[in-house]
Amino acid sequence: MRHLIDPMDLTVEQTGQVIALAQEIIADRGRFRDACKGKKLATLFYEPSTRTRLSFTSAMLELGGEVIGFADARSSSVSKGETVADTVRVIRCFADIIAMRHFKEGAPLVASQYAGIPVINAGDGSHAHPTQTLTDLLTIQREKGRLDHLTVGFCGDLKFGRTVHSLLRALSRYEGTKVVLISPEELRLPDYMLRELGAGSGLEVREVRTLEEAMPELDILYMTRVQKERFADEADYERVKDSYVLDLEKLKTAREDMIVLHPLPRVNEIARAVDNDPRAAYFRQVENGKFVRMALILTLLRWAGENRPFERTPVLAEPYGVGERTCPNPHCISATEDVDQLLRREADGSCRCAYCETIL
Ligand code: NCD
């Protein structure tokens, strides 16, 4: 059974196939109208969402399939204390494929161990968001005509922003990618990501503190929202929430063919006036999200029919050990649910939690 928990669960080639299929769908939508007739998607959303959930829903409806699920964990048995493992064992009786968003990091990976049907991670805590990555890649392909030899600036909340973590990982596999990380000290990438990018990832990485320093060299500027809901202390959020605001003045120093991406929702980080600039690609990006999810649903259902095994690709490929040590991250699914503690030993002897990737 194949799942999409992390963008690296797809090889570069498979990622390219999903993007190509999305482009076929865009070119001839009528051809796919009944492609999922008789199939059901369950959307299990334990955390707020507008775009992602509705984009999964409209993707399945456009394929002729049906959608069940919940958008608020309080209306499901979770409020009675049901575990993720039990919930998906129930859902598998009703649906053919699951899209799960959860506030606990690693919850979709746990779901994939019990579901028996394909599970798609629709965002887990501040960890990963692989379908946003596919959306971003399709957008980059359509807007720039390629996925390699690009200089990409990531600006804002690089610590809690799961879309950033997933896209960085995906981009590290394309030749000639240069990355500029633009964040305040408090919102730098998590350690496990910094280590990964440092350790021969093939990415050229530079860190700066201001947008102005990076702007002129960028092909793509990926703006992000400061993730208010992940801060333990409101005062910490207030201090960094307006660290970066992209306005027309700053955009003047950018290339004519640069594009601005944002996974949305936007708060203050992009001035409304920027929306009218042709370089603002974030609303076009939203529509790409539906097409790429159509392509992904079709692909995973086809693979489920072929009974393809779930092989994790390099970053996560080495065998996991069931450890005696426990993950210290309170936001990890292993902190609240009774799951096997899975750890991976790193080359330097440290251990990484399989669910949330925190380094122990
Ligand atoms: C993002 C998310 O949920 O991580 N939104 C989305 O899925 N398009 C980004 C965010 O919430 O800031």
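This is a predicted model: local features need pLDDT of at least 70, side-chain atom pairs count only at pLDDT 80 or more; totals for chains, interfaces and linings use all residues.
In which loop is R230 found?

View 1. Residues are numbered from 1 along each chain as its sequence is written, and side-chain values use heavy atoms, with hydrogens and water left out. R230 lies in the loop between β8 (220–223) and α9 (234–240), where helices (H or I, at least four residues) and strands (E, at least two) are DSSP runs numbered from the N terminus. R230 counts as buried because its relative accessibility is 15%; buried means under 20% relative accessible area, exposed over 50%, and partly exposed in between (1.4 Å probe, protein chains only). Leaving aside residues up to four places away in sequence, R230 touches E47, G125, S126, F160 and R162, a contact being heavy atoms within 4.5 Å.

**View 2. Helix α6.** Helix α6 (residues 162–171) is mostly covered, with 10 of its 10 residues buried. Among them are R162, H165 and R169, together with the leucines L167, L168 and L171.

**View 3. The salt bridge between E62 and K290.** The side chains of E62 and K290 meet in a salt bridge (2.6 Å, N to O). The pair links distant parts of the chain, with E62 in helix α2 (residues 51–62) and K290 in helix α11 (residues 282–306), 228 residues apart. A salt bridge is a side-chain nitrogen of Lys or Arg within 4 Å of a carboxyl oxygen of Asp or Glu, and the structure holds 27 of them. K290 is buried, with a relative accessible area of 12%, whereas E62 counts as partly exposed at 25% relative accessibility.

**View 4. Two further salt bridges.** R266 pairs with D275 in a salt bridge whose closest N and O atoms are 2.7 Å apart; R266 is buried at a relative accessible area of 17%, while D275 is partly exposed at 25%. In the salt bridge of R188 with E185, the closest N and O atoms are 3.9 Å apart. Here R188 is partly exposed, with a relative accessible area of 27%, and E185 is likewise partly exposed, at 49% relative accessibility.

**View 5. A nonpolar surface patch.** I68, V90 and F94 make a nonpolar surface patch of about 240 Å². Patches are made of residues with over 30% relative accessible area and no salt bridge, with like charges joined within 9 Å and nonpolar side chains (Val, Leu, Ile, Met, Phe, Trp, Tyr) within 5 Å; accessible areas come from the Shrake-Rupley method with a 1.4 Å probe, and for residues only the protein chains shown count as cover. V90 is found in helix α3 (residues 84–91) and is partly exposed, with a relative accessible area of 37%.

**View 6. Cysteines C36 and C155.** C36 is buried at a relative accessible area of 1%, and C155 counts as buried at 0% relative accessibility. With a disulfide taken as a pair of cysteine sulfur atoms within 2.5 Å, the count comes to zero disulfides.
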